[in-house]
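Please keep the structure open beside it while you read.

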Amino acid sequence: MRRSSSAGRPAAGGRAPRQRAGDAEQLGFEGMPERLFVCTPSKLGAYADCPRRYRYSYVDRPAPPKGPPWAHNSLGASVHTALKNWYALPADRRRPEALATLLKGTWVREGYRDDEQERSAYRRALGWLEAYVETLEPDSDPLGVERVVAVKTAVLAFNGRADRIDSRPGPEGPELVIVDYKTGRTGLDTDDARGSQALALYAYAAERVFRRPCRRVELHHLPTGTVAGHDHTVESLARQLTRAEETARDIMAAERAVADGADADEAFPVAPSPRCGWCDFRRHCPAGAQAPGKEPWAAMDRPADG
């Protein structure tokens, strides 16, 4: 039977038919919560370092092309993955002689000046790993390796990948410890561990994921074999979380301003600093372009700290 062509026309008596779902303009709902800001530590850190760099990374589409890869990032990634794969081995195969094979299998070659510098970096990294695993119990497995932890607050939908999550005895039972590997050329101290927003957010999220206390955070600096640690309190973790939420609100306000037609350069101002020379987007930033650029391998030539 053919459908009537009168659908949508006023019926007899002048009354319009009831609108079907989808015909009417969608109505807003007052009191609906604002969307959460989905973030990682690197996303929050990019804005804290320089709002303009955040914009280039996460707002502009297409994003400006980055500069060449950095040798120190390649070195760090290689060491991190080798340690991840160390824990993937059966306990009876976790021996120092396995490290050369693990490191070769994960080695990232990008950014080095030449083969000689790359070989020197490989030998250095292997030495770090050999010294570091001597401090580990080969038959002791962490609770998590490269483990993603996530948590939601009234503002954030946070997720991050912790290098390692240990379970250690505490006064009232097992407690979690966040371990972060560092391969930079500068030694670290307790202030670095205490001030790290990323470590604090990992601890906050891990405590809720595993339902165990997590207050201890540690930076394991492989070049010097040192450990910089800090024991958070409930209050200090809350302060770090508040800082992260404040940053998220600033970012969302800037993104809304740009969406409403504001000038993107004003919404995401540049924050000039010595970091400009190392920025992936230096060539695209008028302020950053004024800073002397660094060669991709420059960090490899800096002297190691004791």
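1. E146 counts as buried, because its relative accessible area is 18% and buried means under 20%, whereas exposed means over 50% and partly exposed lies in between, with a 1.4 Å probe and protein chains only. E146 is found in strand β2, residues 144-152, where strands (E, at least two residues) and helices (H or I, at least four) are DSSP runs numbered from the N terminus. The phi of E146 is near 50°, a positive value in a residue other than glycine.

2. Before going further, please note that this is a predicted model, in which local features need pLDDT of at least 70 and side-chain atom pairs count only at pLDDT 80 or more, while totals for chains, interfaces and linings use all residues. Residues are numbered from 1 along each chain as its sequence is written, and side-chain values use heavy atoms, with hydrogens and water left out.

3. Two further points concern the backbone. Most residues other than glycine have a negative phi, and most peptide bonds are trans. R211 has a phi near 60°, again a positive value in a residue other than glycine, and R211 lies in the loop between α7 and β5 (214-221). With a relative accessibility of 75%, R211 counts as exposed. The peptide bond from R61 to P62 is cis, with omega near 0°, and P62 lies in the loop between α2 and α3.

4. For the protein as a whole, there are nine helices and six strands, and buried residues make up 39% of the 306 residues. Of the contacts (heavy atoms within 4.5 Å) with a separation of 6 or more, 66% are accounted for by residues 24 or more positions apart.

5. Where do the buried residues of α1 pack? In this helix, residues 41-49, the buried residues are P41, K43, L44, A46 and Y47. They pack against β1 (37-39), α2 (51-59), β3 (156-170), α7 and α8.

6. Two packed helices are described by the angle between their axes and the distance between the axes. Axes are lines fitted to C-alpha atoms, for helices over the stretch in contact, and angles run from 0 to 180 degrees between N-to-C directions. The axes of α7 (residues 197-210) and α8 (residues 234-259) come within 9 Å and cross at roughly 110°. That makes α7 roughly perpendicular to α8, since angles of 65 to 115 degrees count as roughly perpendicular, under 35 as roughly parallel, over 145 as roughly antiparallel and the rest as oblique. The contact is made by Q197, A200, L201, A203 and Y204 of α7 and by L237, Q240, L241, R243 and A244 of α8. By class, this contact of α7 with α8 has seven nonpolar, two polar and one charged residues; here Ala, Val, Leu, Ile, Met, Phe, Trp, Tyr, Cys and Pro count as nonpolar, Asp, Glu, Lys and Arg as charged, and the others, Gly among them, as polar.

7. The axes of α3 (residues 71-88) and α4 (residues 99-106) come within 8 Å and cross at roughly 130°, which makes α3 oblique to α4. On the α3 side the contact is made by S78, V79, T81, A82, N85 and W86, and on the α4 side by L99, L102, L103 and T106. By class, the contact of α3 with α4 has six nonpolar, four polar and no charged residues.

8. The structure holds ten aromatic pairs, where rings of Phe, Tyr and Trp (its six-membered ring) pair if their centres lie within 6.5 Å, and planes under 30 degrees apart count as stacked, over 60 as edge-to-face and the rest as tilted. The rings of Y54 and Y58 have their centres 4.9 Å apart and their planes at 35°, so the pair is tilted. Y54 and Y58 are four residues apart in helix α2, and are therefore separated by about one helical turn. Y54 is buried, with a relative accessible area of 0%, whereas Y58 counts as partly exposed at 32% relative accessibility. The rings of W107 and Y112, with centres 5.9 Å apart and planes at 10°, form a stacked pair, and both residues are buried. Ring pairs also link Y47, Y54, Y58 and F268 into a cluster.
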